[in-house]
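These are my notebook entries on a structure that is new to me. I set down what I looked up, topic by topic.

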Amino acid sequence: MSKFWSPFVKDLVPYVPGEQPKLANLVKLNTNENPYGPSPLALAAMQAELNDNLRLYPDPNGERLKRAVADYYGVQPAQVFVGNGSDEVLAHAFHGLFQHDKPLLFPDVSYSFYPVYCGLYGIGHEAVALDEQFQIDVADYCRPNGGIIFPNPNAPTGCLLSLDAIERLLQANPDSVVLVDEAYIDFGGTSAIALVDRYTNLLVTQTLSKSRSLAGLRVGLAVGHPDLIEALERIKNSFNSYPLDRIAIAGAAAAFEDHAYFERCTQQVIVSREAVTSTMRALGFEVLPSAANFIFARHPQHDAAAIAAGLREQGVIVRHFKQPRISQFLRITIGAPEQNQALLDALQEII
């Protein structure tokens, strides 16, 4: 420990992102990146920003992007917040909405950044166990809390909670913020943004990293009641007034405007997911029902770590979590058809 650190730093347990291997010719199915490139309209919009205007600061409020998001979801720009990736948006929500006396609730198998933020901001929390089918049971969240957060579809399981269930959760917790983290919603679910006009305690976050193929751009957003959005704006403007650059604002706005390309790419991923799921089940895998761009699977006769190691030997990288309850599962990103076939061919040999 450095003598120059602030005291709390030594107790932090940072988030560990998925491996970004430097080796060439790998089939990389471990970080849920989209196999299809960004919208051509988004690329053109970003290229148009590569001019002398880069000497000028960007719009600190990202109004062009807020309007594009608002138009897409049928809400008002005052209900939209934008930031540098959804992780930054989530960090502001933890800081501005979840620092209360009662504990924050989230699933025991969930996005592993949540407990990291709790450690960073000193937020008490409780992990609520998923049921035996790795599903969220809304009844388990009907207890005193300082807020509720969960991914939908959940990560790393891929399981989806219905809008009806989310509405029951909101009704049961009218005095707490319920944050629905929708990083993967476009691959099989309906966004809870449809509920924000009816529930002032609902905040929905999304990212452009997955379904809009812009992980390298770092753009995230939140939609909710203007009072919740104002809290995020206050945190943001006390931390970084210019979180999105000119290129990011232009590209992200154009990505939301290119409906046809978005629909085509997400549908291709969905079709591939169902095909991979079917083949893996035929190989004896248990695959949880997924509404994401990945699947979560285990094999009753084969150790998950050994399968991951065998796949790596054949140039296929997947994600293995060693935490309790899911140590025998692998999270496998849905890639392009040729990547998926390489995965299945390798599994055929291993199994």
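**Entry 1: a helix pair.** I began with helices H3 and H6, which are roughly perpendicular to each other, a label for angles of 65 to 115 degrees, where under 35 counts as roughly parallel, over 145 as roughly antiparallel and the rest as oblique. The axes of helix H3 (residues 85–97) and H6 cross at roughly 105 degrees and come within 9 Å. I took axes as lines fitted to C-alpha atoms, for helices over the stretch in contact, with angles from 0 to 180 degrees between N-to-C directions. Helices (H or I, at least four residues) and strands (E, at least two) are DSSP runs, numbered from the N terminus. From H3, the contact involves His 92, Ala 93, His 95, Gly 96 and Leu 97; from H6, it involves Leu 228, Ala 231, Leu 232, Ile 235 and Lys 236. Contact here means heavy atoms within 4.5 Å.

**Entry 2: the basis of the values.** I note that the model is predicted, that local features need pLDDT of at least 70 and side-chain atom pairs pLDDT 80 or more, while totals for chains, interfaces and linings use all residues. Residues are numbered from 1 along each chain as its sequence is written, and side-chain values use heavy atoms, with hydrogens and water left out.

**Entry 3: salt bridges.** How many salt bridges are there? I recorded nine salt bridges, each defined as a side-chain nitrogen of Lys or Arg within 4 Å of a carboxyl oxygen of Asp or Glu. In H6 (residues 226–237), Glu 230 and Arg 234 are four residues apart, so about one helical turn separates them. Their side chains form a salt bridge at 3.3 Å, N to O. Glu 230 is partly exposed at 42%, and Arg 234 is exposed at 58%; buried means under 20% relative accessible area, exposed over 50%, and partly exposed in between (1.4 Å probe, protein chains only). I also looked up Lys 10 and Asp 11, whose side chains form a salt bridge at 3.3 Å, N to O. Lys 10 is partly exposed at 48%, and Asp 11 is exposed at 55%. A further salt bridge joins Lys 28 and Glu 33 at 2.8 Å, N to O, with Glu 33 partly exposed at 32%.

**Entry 4: a loop residue.** Is Ile 123 buried or exposed? I found Ile 123 buried, with a relative accessible area of 6%. Ile 123 lies in the loop between helix H4 (113–121) and strand S4 (125–128). Beyond its neighbours within four places in sequence, Ile 123 contacts Phe 94, Phe 98, Gln 99, Leu 104 and Cys 118. Phe 98 is 25 residues away along the chain, yet the two C-alpha atoms are 7.2 Å apart.

**Entry 5: cysteines.** Cys 118 is buried at 2% relative accessibility, and Cys 265 is buried at 3%. The disulfide count is zero, where a disulfide is a pair of cysteine sulfur atoms within 2.5 Å.

**Entry 6: a sheet.** Finally, I traced an open sheet of four strands in the order S9-S10-S13-S12, with antiparallel pairing; two strands pair if DSSP finds at least two bridges between them. Strand S9 (286–287) and strand S12 (319–320) are the edge strands, each pairing on one side only. Two bridges join S9 to strand S10 (residues 294–298), and Val 287 stands opposite Ala 297 in S10. Helix H8 (residues 259–282) packs on the sheet, where H8 touches S9, S10 and strand S13 (330–333). The direction of H8 makes about 10 degrees with that of S10.
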